[in-house]
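This report describes selected features of a structure, beginning with a single residue and ending with a whole chain. Please keep the sequence and the model in view while reading.

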Amino acid sequence: MLFFQAALSVIERSLNTLISLDPKTELAVKQLAGQRLLVLIKDLNQYVVLAFDQRVLLIQGEPDADNDCFLSLSFEAIPSLLKEQNLTQLIKQDKLDIQGNMHLAQDLASIMKNIDIDWEELLSKHTGDIIANQVFSMLKRAQQTRREHLDKFTRLVSEGAIEEKRIMAPALGVAHFGDEVSAIRSDAARLERRIAKLEESN
Amino acid sequence: MSENYDTHDKTHFGYKQVDTDKKASMVAEVFHSVAAKYDVMNDLMSFGIHRLWKRFTIDCSGVRRGQKVLDLAGGTGDLAAKFSRLVGPTGQVVLADINDSMLKVGRDKLRNMGIEANLEYVQANAEALPFEDNSFDVVTIAFGLRNVTDKDKALASIYRILKPGGRLLVLEFSKPIYAPLSKLYDTYSFHILPKMGQLVANDAESYQYLAESIRMHPDQDTLESMMQNAGFEQTEYFNLTGGIVALHRGFKF
């Protein structure tokens, strides 16, 4: 019975920790103080209230009228929700339903998207500037190397599949094929219209 | 039938029989003693699970912005802190406790958290609450009812101050529903808790009282009946952690 409470507790702590690490995000959340967002997670048929104060409070909710905005969504829509511009698209695809103050949902999505934590600055409080800088430079170099290896591997695999094993078509070939199919489709449609006209005149 | 009395002027203090008029002061001594280490001990004794029990209580409260909430026997203010945020600036939370040491710890803690505006602190006896009739939307009492001398009187007092439509939530230790869990729980309560109390709070006796007072508290069904006798309707209870703790809820209509 307490699993949901445990999950909400973890999410709430994580969220508030992230918020506290970025002063801009902290300020943005404070501006939402006093507002409440009710979220229905369709997959679990559970309501969660996000109550905004200096931090965010998550509680298991009841469907009632004391909320500024109501969102109904499934788990798979949550990552897309963080990309604010997809709100309208998600609504059109029936993956998201919003009632009430849409700006609250947009503001929250914007806040989560724009969290920008200066990890180096945080580390430097414990280790000093020099060590923090060296650690992060190392991490950046490692990330760069990993990206280069991944690009190389991807290139190798695609070239192998296209040029050597010929199990995949090159991108230009696929595009050309698509264009030819579209041309045939419009020719067929034109022909159908001519046949229909001829039948009418007969 | 109430489990408060064996004779008219004797009641239980843990496993001991004491004069009824002495119980409150004996309980007060316990809580004066444990106040400073109360939160730490709660975390240690329950392995942090008490936070989930309290979270469940808040989830069941249905509290709304602008409402008035009484956190009775609220002690160090765990529930009051969250209620304060949920009722917002137009609502009000009253943190009440009979013990001023606990109230001071709670007040200092909440002020350090920056929670001040909509919070009021009142030293009050649950059996004779100093509030007007029909004045609260929600009353919660977490791990406090078992320490009250006359529980029926306390329930009646709470009923009086609740608004029509208001709800009472009683979070309290109860009777485990599984026999093996019950045995484990007894071992833990009587052998490990007092030693923990001695180590952390330098007070084994108070934690011995804790274990004993839990065993003397009414079981789930009995407490539900007591609430119904006080006038509460649509009463129900939720067993948490195998019935070690139960949350009782009732409404005033």
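Ser189(B) belongs to helix α7 of chain B, residues 179–201. Helices here are DSSP runs of H or I with at least four residues, strands are runs of E with at least two, and both are numbered from the N terminus. The model is predicted, so local features need pLDDT of at least 70 and side-chain atom pairs count only at pLDDT 80 or more, while totals for chains, interfaces and linings use all residues. Residues are numbered from 1 along each chain as its sequence is written, chains are lettered from A and ligands numbered from 1 in the order in which they are written, and side-chain values use heavy atoms, with hydrogens and water left out.

Is Ser189(B) buried or exposed? Ser189(B) is buried, with a relative accessible area of 1%; buried means under 20%, exposed over 50% and partly exposed in between, with a 1.4 Å probe and protein chains only. Apart from neighbours within four places in sequence, Ser189(B) is in contact (heavy atoms within 4.5 Å) with Pro194(B), Ala211(B) and Arg215(B).

## Aromatic rings

Over all chains, the structure holds 9 aromatic pairs. Rings of Phe, Tyr and Trp (its six-membered ring) pair if their centres lie within 6.5 Å; planes under 30 degrees apart count as stacked, over 60 as edge-to-face and the rest as tilted. The pair of Trp53(B) and Phe143(B) is tilted, because the ring centres are 6.0 Å apart and the planes stand at 55 degrees. Trp53(B) lies in helix α3 (residues 49–61) of chain B and Phe143(B) in the loop between β7 (136–142) and α6 (151–161) of chain B, so this pair ties together parts that are 90 residues apart in sequence.

Both Trp53(B) and Phe143(B) are buried. Together with Phe173(B), Trp53(B) and Phe143(B) form one aromatic cluster.

## Charges over rings

A charge sits over a ring if NZ of Lys or CZ of Arg is within 6 Å of the ring centre and within 35 degrees of the ring normal. Lys68(B) lies over the face of Phe136(B), 4.9 Å from the ring centre. The charged end of Lys252(B) is placed over the ring of Tyr159(B), at 5.0 Å from its centre.

## Chain A as a whole

Chain A contains 8 helices and 5 strands. Of its 202 residues, 28% are buried. Its C-alpha trace spans about 80 × 50 × 35 Å along the principal axes.
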